[in-house]
Structure formats: C-alpha cells, structure tokens
Amino acid sequence: MSGKLCLSYALPAPETWITNLKLFDELVAEFANEFLERVWDEEVIDEIHAYGLKIENGEEYYTKPAYKYFEQRKLYPDDPRWKELPSRFRRGIMEKVGRVLRSQKERKDCFYDVLPLFPDYYDSNVEDVRRRKWKAFKRIRQELIASEKYYDYNLLRQIVYQIANYYEENGELPEKYTECVRPRFKSGTFPFDVDDGRVGFGKLSKSDSGKLFQLCYRVKDGKLKLHLRVKLPVKREDGKIEWRWFEEDVEAHQKFKEMLVNRIKKPVLVRRRLKSGFHRYQFVFPFEVEDKCKSDRGENYFRFLSIDLNERKLIAAVVMDSENNQLTPPIFVKTLPEIREKILRIRKEINNISRKIGNNLDFDGRLFAERRKKWVKLNNLVDQLTHEVANVIVRIAQVFGCKYIVFEDLKSYQPPKGKGLLSWLLSMWRRGNIITVVRYKALRKGIEVKTVKAFMTSQICPHCNARGVHVKAPDRLDERDERYGFFYCPNCGHTADRDYVGALNVGRRFLLDGNGSRLEDAKPTAYKAVGSSPADRSRRGTLELVTHLLKISMRPNKIAELGLRLRFVNFDDVR
C-alpha cells in the first residue's frame, strides 16, 4: 500500500482578474466542446484508455498524459482559430478532453452490459415515465449483480436513464454508446499541469515560451512571499482576442506554507459558485504528504474500517489497522429530525390506512392502492438512504486507504424490540441487506467487505476486556440500564459512547483468528494518529478530510436532502 496521502489546497485568484478569467473559462468550454465533438468515437475511447495504462496491485494509473495521444495521432483540428491559440492552451484543451474520454471506458462497458437487458425490463405500459425508468433500473441492477457484474450505483442509473431517454425520443434503441451519450462541458476547468511554467522557490523564468502559469515563492524578512503570473485572454475593441501576462503578489495561508515542504504540482483552474450566486475562480494545487502510519510497514500491514450499525445512530465507525491500533476518532452518521419525521409520518399514514382496511371501510379498493403507494414511497426513501450511507462508508474507507470494511453479521442479529424508529430501520436494512449494497460499491474500489459475529460488542471493554455496564451519562455512573447510551467499565474506569465501543469491538473481533473466538481474548486497542502533522492528529483534521470526501462523492446538498449528519466525538471525552 502507498505511503502517501493525496490532498489539495485552493488558492483564490485575484479579484481584479475576474473579467479575464471569465473569458478564459468561456474559451476553454468552447474549444473543449468542439474538440470533444471531433474525437467522440468508441475506437478513440478504447485506444486512449489503453494509452500509457499501468496496473499494479489492482490499481490503475497512467504513465503518459492524454494530450500526447492526440499529438501522435494528429487528431487536433485544422482550424485557423485553433492555431492562433497559445500552444500550452491547446495542450491543456487536449488533456482535458482526453481525461474525459478515458473516464468513458467504464461507462461504455456498462452501456453494452445494460443494452441487451433493457428490452426485457423496460415496460412501456407503465404510464409514469419516471416510474418506468426506475423499475427498469432496479431490475437491471439485480440482474447484473446476479451475474457478478458490479458497477457504481449512480453510474449504472445514469446509463439506464440515458438509454431510456434515447428510446423515448427516437422510438428505438441506440446501436452505439456514442449515439446515446454526448457529454458537454459547461465550465472551463483547466489543467495547468501540462504547462512548462515554473512552480518553486526563487525568481520566475525569464522566457515565456511554452508557459501559461508560473508561481514563485521565497522567504523574505522571515515571511513567505508569493508571486503569481498567469497568461490570460483580453478582448480588444475590435472584438479580437489577444493573450497577456497578468501578475500579482498573493497572500499565503498557513496551510499553504505547510504544503511547501512537500512537492507541489501545478494547479487546476476551477470555477465555484458562492452562496451569493456569484462565482469565484481558484487555483487548486494537488499535493502529497507522507502517511507515517503506512510507511516502513511490512507486507502484512493493512487498515480497515470497523462499522457498528445500531438503533441509536445509523453508523458508528472507526479506522483501525492490523496491529489493533485505532487510527481515527469515532465517526458517527446520524439522521436529522427532518428525515425521521418524514419516515414516521409515512409509517403513521400506512398504519391509519391499515386500520381502516381492518374495519372493512375499503369498499372500492382505493385504500389498498393508497397503502401500496405509501409503501413504495417509504421503501424508495429507505433504499435511497441506504445507498447514500453506503457511499459515505466506502468513501471514508477510501480516504484512509482501508483494505477491508467490517460489519457485524446482520443475518444473525435481531434488532431490539421497543426501540422505535431506528430499530425498525435496522430491520429494514437487514431485509434490504445494506452489506450487499456496500459490498458491490466497495468492490468497484478494490475494497473487500467482511462480517463478524454480532455478540457482546457493546458490552466488553476494548481497553481491558472486562465486562462493562451501560450508564445514563459519564457523570451519572450509578444510573445503569441496558437502554442507556454510554459504556462504563468498573474494572478500569473507561467511559465512552456505547456505539463507539461497539465499533471498536467489531474490529477487535475481526482481528481474532475466527468468529468463534471469545472477544475477551482479543488484544486491547491502542490509539494512534493517522499522520504526523498537528492537523492529522486532531479531530478537526480528520473531520475536514472526511467532509471533503463527502463533498466530492455526493451531488450538491445530498447530505442535507437525505437528512444525514456526520459527527465526530472529541477523543479526549471518550478515552
């Protein structure tokens, strides 16, 4: 496993450049879409995906940039406007398009797996088109899983819906993937990493040949000074465009100073929408930091994400390693009151309708139809929540480089009676098998899912292996009851959230030789930080890292829409 963590830092562009950056953004989108239209071909998708592709330890990476493929094939347009552009701008356009084409290979394969199944599962007799698409998607997904073909949930849904849209518009199925799907660039995200400009200490290069971006930084009077220089378009009075250099000193954030001890790559220009409705342009610098916990380890070392599904919170999780060290604070994913109220409201409506049916008040069958409609709505909501929670689990496992995701075996677990909504939700999850959902999503990322016996995980102290009790609060240890949410060990005095203790013990049981081993025989757990910097060791650093993951793994506002809340417990309060 790699001993590096890949992170990024966004440096805001000077506000005085907004007009020129907007023009730059428009030119990137315009020329990128024209070039993409020119090279949009299945043969090109296959060839550029294989161009420079290397596979090591199940991980794919490219040794050659995408733009070189187009230069070798001479696929660039023979357009006078194209030739007037700066050479590195043209190269960036080709690289941007090439990366999109490389990403289409999996989508194309998914398309040809779905296409033969589509006529059998797309029912044109269903009046509601949206329901038609959804039913076809669910049936096709089940068929693919049965055939051991695992695709990302959102990717598969998009492909099925795109085929359905094409069929509805044209009355026939597409013959090729490139007929059904035609991607377009809406914004001008631009990769500067194909540029020859300098990023480093000292003065800027004197020559402007082959450059669009330069950034020099140096220490002066004990302070870090940054000088940014970018070549941007300017529209003249006659309507023509010329390219000029823009320079400005920019302030360096403390985080950016910490980055400078590592090797910095050239940035990507992105446009981000603010809450005010305006847009801000940022130069996003990718960088790597050494993962102290992974370096200098043997081949048998690995990390895993230990998950406790419980009736109090949806998810309680911790990252652990093969040496029984806890690497992160406890991570909790909970439902917000809004989503709970929505589920409770639908359940109440179903119960009221069932009561009326039981009293023989359904004279024309309308109540049966209404109850069936409510059940469909409720099941869809739970399914959607299950998939998004699964996305969160897989993404957290990804960012910490976990080899396994470990659950309790829900098939052997009976949710406690009388616990209300979340007990019922656990029962729904058991029937819907959330582990299956996480398994096929995780397999796409090269992560295995394991299960362990669900027994005594919230009752054994992870520090001393003694039997503990459940108390109302850490400062009310005399009030004890099985329903309370805190764990207390009379033997060593350890107190913690009971669900966090459960997640730790799931991981400890996984490290035992077999599921039949006694949890009391497991090695006590020790806490070690993930990295070496203060941010890595802190609760805040972990929170920022995982929150960033959720932002890139979900559609905007998806967490709020589904009522999910990610929360970290201060580790000092639970030790």
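Reader: In this predicted model, which residue forms a salt bridge with Arg73?

Author: Happy to start there, with the model being a prediction. The closest N and O atoms of the pair are 2.2 Å apart, and a salt bridge needs a nitrogen and a carboxyl oxygen within 4 Å. Arg73 sits in helix α3 and its partner in helix α2, 26 residues apart, so distant parts of the chain are linked. The partner is Glu47.

Reader: How many residues apart in sequence are the parts tied together by Asp46 and Lys108?

Author: The side chains of these two meet in a salt bridge, at 3.2 Å from N to O. Asp46 belongs to helix α2 (residues 42–50) and Lys108 to helix α5 (residues 87–114), so the pair ties together parts whose separation in sequence is 62 residues.

Reader: Which class does Lys108 fall into, buried or exposed?

Author: The cut-off for buried is under 20% relative accessible area. Lys108 has a relative accessible area of 7%, so the class is buried.

Reader: Which helix holds both Arg345 and Glu349?

Author: Their side chains form a salt bridge at 3.5 Å, N to O. The two residues are four apart, about one turn of the helix. Arg345, at 38% relative accessibility, is partly exposed, and Glu349, at 23%, is partly exposed. The helix is α11, residues 337–358.

Reader: How many salt bridges does a search of the whole structure find?

Author: Some of them share partners, and these join Glu30, Glu34, Asp79 and Arg81 into one network. For the whole structure, the search gives 21.

Reader: On to packing: what is the orientation of α12 and α14 to each other?

Author: Helix α12 (residues 366–399) and helix α14 (residues 434–443) pack at about 50°, with axes 9 Å apart. Angles of 65 to 115 degrees count as roughly perpendicular and those under 35 as roughly parallel. The crossing is right-handed. The two helices are therefore oblique.

Reader: How many residues of the contact of α12 with α14 are nonpolar?

Author: On the α12 side, residues including Val389, Ala390 and Ile393 meet a set in α14 that includes Ile434, Val437 and Tyr440. The contact also has three polar residues and one charged. The nonpolar count is nine.

Key:
Residues numbered from 1 in each chain as written. Predicted model: local features only at pLDDT ≥ 70, side-chain atom pairs only at ≥ 80, totals over all residues. Heavy atoms only, no water. Axes fitted to C-alpha atoms, helices over the stretch in contact; angles between N-to-C directions. Parallel < 35°, antiparallel > 145°, perpendicular 65-115°, else oblique. Left-handed = near helix turned anticlockwise from the far one by under 90°. Contact = heavy atoms within 4.5 Å. Nonpolar A, V, L, I, M, F, W, Y, C, P; charged D, E, K, R; others polar. Buried < 20%, exposed > 50% of the residue type's maximum accessible area, 1.4 Å probe, protein only.
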